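This report describes one protein chain from its atoms. Please read it alongside the sequence and the model.

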Amino acid sequence: MIFLFIDRPHLLQPQSVENIQEGYIEILRAYVQYHRPGNKCHFAKLLGILTELRTLGNINSEMCVSLKVQ
């Protein structure tokens, strides 16, 4: 699921990708609301974690590229 939210440069149809991502976000929101109805902050926390994981993935990719160059 994490890979669905990674930015990809040079997409031919970025709006289509964004629409698909929004659909997955809504599915995640519904899932969280169903399984954690009393915890209103849980969805926001999950989105924060996804953002952090995306950042870590970007850093990892940059490090891999720099290691290949060296």
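## Phe43 and its surroundings

Leaving aside residues up to four places away in sequence, Phe43 touches Ile25, Leu28, Arg29 and Val32, where contact means heavy atoms within 4.5 Å. Phe43 is found in helix H2; helices (H or I, at least four residues) and strands (E, at least two) are DSSP runs, numbered from the N terminus. The relative accessible area of Phe43 is 11%, and the residue is buried. Buried means under 20% relative accessible area, exposed means over 50%, and partly exposed lies in between, with a 1.4 Å probe and protein chains only.

The C-alpha atoms of Phe43 and Met63 are separated by 30 Å, with the two residues 20 apart along the chain.

## Basis of the model

This is a predicted model, in which local features need pLDDT of at least 70, side-chain atom pairs count only at pLDDT 80 or more, and totals for chains, interfaces and linings use all residues. Residues are numbered from 1 along each chain as its sequence is written, and side-chain values use heavy atoms, with hydrogens and water left out.

## Nonpolar core

Which residues make up the largest nonpolar core? The five are Ile25, Leu28, Val32, Phe43 and Leu50. Helix H1 (14-35) and helix H2 (42-69) are the elements that give two or more residues to this core. H1 supplies the largest share, three residues. A nonpolar core is here a set of buried Ala, Val, Leu, Ile, Met, Phe, Trp, Tyr and Cys residues joined through side-chain atoms within 4.5 Å.

## Salt bridge

The structure holds one salt bridge, defined as a side-chain nitrogen of Lys or Arg within 4 Å of a carboxyl oxygen of Asp or Glu. Its partners are the side chains of Arg29 and Glu26, at 3.3 Å from N to O. Arg29 and Glu26 are three residues apart in helix H1, so about one helical turn separates them.

Both side chains belong to partly exposed residues: Arg29 has 30% relative accessibility, and Glu26 has a relative accessible area of 43%. Arg29 is also among the residues that Phe43 touches.

## Cysteines and Tyr24

How many disulfides does a search of the whole structure find? The count is zero, a disulfide being a pair of cysteine sulfur atoms within 2.5 Å. Cys41 is partly exposed at a relative accessible area of 48%. Cys64 is partly exposed as well, at 37%.

Tyr24 has its place in helix H1. With 38% relative accessibility, Tyr24 counts as partly exposed. From Tyr24 to His42 the C-alpha to C-alpha distance is 16 Å, and the two are 18 residues apart in sequence.

## Overall dimensions and surface

The chain has two helices and zero strands. Its C-alpha trace spans about 50 × 25 × 15 Å along the principal axes. The radius of gyration is 15 Å, whereas a compact globule of 70 residues would have one near 11 Å. That radius is taken over C-alpha atoms, and the globule rule is 2.2 Å times the number of residues to the power 0.38.

Of the 70 residues, 11% count as buried. The accessible surface of the chain comes to about 6200 Å², and carbon and sulfur atoms hold 61% of that area. Accessible areas come from the Shrake-Rupley method with a 1.4 Å probe, and for residues only the protein chains shown count as cover.
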